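Q: Please take a close look at a single part of this protein and describe how its pieces meet.

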Amino acid sequence: MTAPRGTVPGGADEPAAPGRRRLGRWRDQALAFGWLVAVWCLLWGEVNWANLAGGLLVGGAVLLFFPLPAVTFAGRLRPRALLVFAFRFGTELVGASLHVARIAVQPGYRPRGAIIAVRLRVPTDLNLALTAEAVSLVPGTLILEVDRDSGTLYLHVLDTHGPAELTLARERTLAVERRIVRSVGSAAELRRVETDVVEKGTLP
């Protein structure tokens, strides 16, 4: 007589122990709290004791009064990839800031904007949120809408001059997603972003 599905010790379908589930919830809350504090400091443009204290208060209030939906973190933290992500993000942040500043002070220049759709390879809630936040923090790009069902981000891109630049903006967004998955994604998610072939010049 075979054991019922999900009751075999060590089986893939065995429910997690209460202690493990509780630990997982605390871990997810801690990660969400850390990201809220980091985003708060980035929105202010600098990290100091006042902004850090404000981020701690705001992050705690958000998690207390506006509980986030349960988002299971099934990945693993990779410090080296996280450093690469931080370096590339800082580089893009500086470059985009200088580009927007040049547009602002250039006499008579009228930049053209466009709205594009970017379908992510890993359509989880966590990846959608992290990618959307990272893209929005770079000057010149703004997330307008997130389609959770299809895993698609709709973003406004500043100063575009043709289809080639729209394709480049889409590829930059997918590159941000790839670096995030390399930093905190699971092995299956990492294989998905590494092996998927992005069709050049095709918008979802």
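In what order do the elements of the protein run from the N terminus on?

A: The elements of this predicted model follow the order α-α-α-β-α-β-β-α-α from the N terminus. The protein thus holds six helices and three strands (DSSP runs of H or I with at least four residues, and of E with at least two). Residues are numbered from 1 along each chain, and side-chain values use heavy atoms, without hydrogens or water. Local features need pLDDT of at least 70, side-chain atom pairs count only at pLDDT 80 or more, and totals for chains, interfaces and linings use all residues.

Of the 204 residues, 30% are buried (under 20% relative accessible area, with a 1.4 Å probe and protein chains only). Among contacts (heavy atoms within 4.5 Å) with a separation of 6 or more, 70% join residues 24 or more positions apart.

The part for a close look is the pairing of helix H3, residues 79-105, with helix H5, residues 163-184. Their axes, lines fitted to C-alpha atoms over the stretch in contact, come within 8 Å and cross at roughly 150 degrees. H3 is therefore roughly antiparallel to H5 (an angle over 145 degrees). The crossing of H3 past H5 is left-handed, the near helix being turned anticlockwise from the far one by less than a right angle.

From H3, the residues Ala 81, Leu 82, Phe 85, Arg 88 and Glu 92 take part; they meet Val 176, Arg 179, Ile 180, Arg 182 and Ser 183 of H5. By class, this contact of H3 with H5 comprises five nonpolar residues, one polar residue and four charged residues (Ala, Val, Leu, Ile and Phe are among those counted as nonpolar, and Glu and Arg among the charged).

How values were computed: Buried means under 20% relative accessible area, exposed over 50%, partly exposed in between (1.4 Å probe, protein chains only). Axes are lines fitted to C-alpha atoms, for helices over the stretch in contact, and angles run from 0 to 180 degrees between N-to-C directions. Angles under 35 degrees count as roughly parallel, over 145 as roughly antiparallel, 65 to 115 as roughly perpendicular and the rest as oblique.
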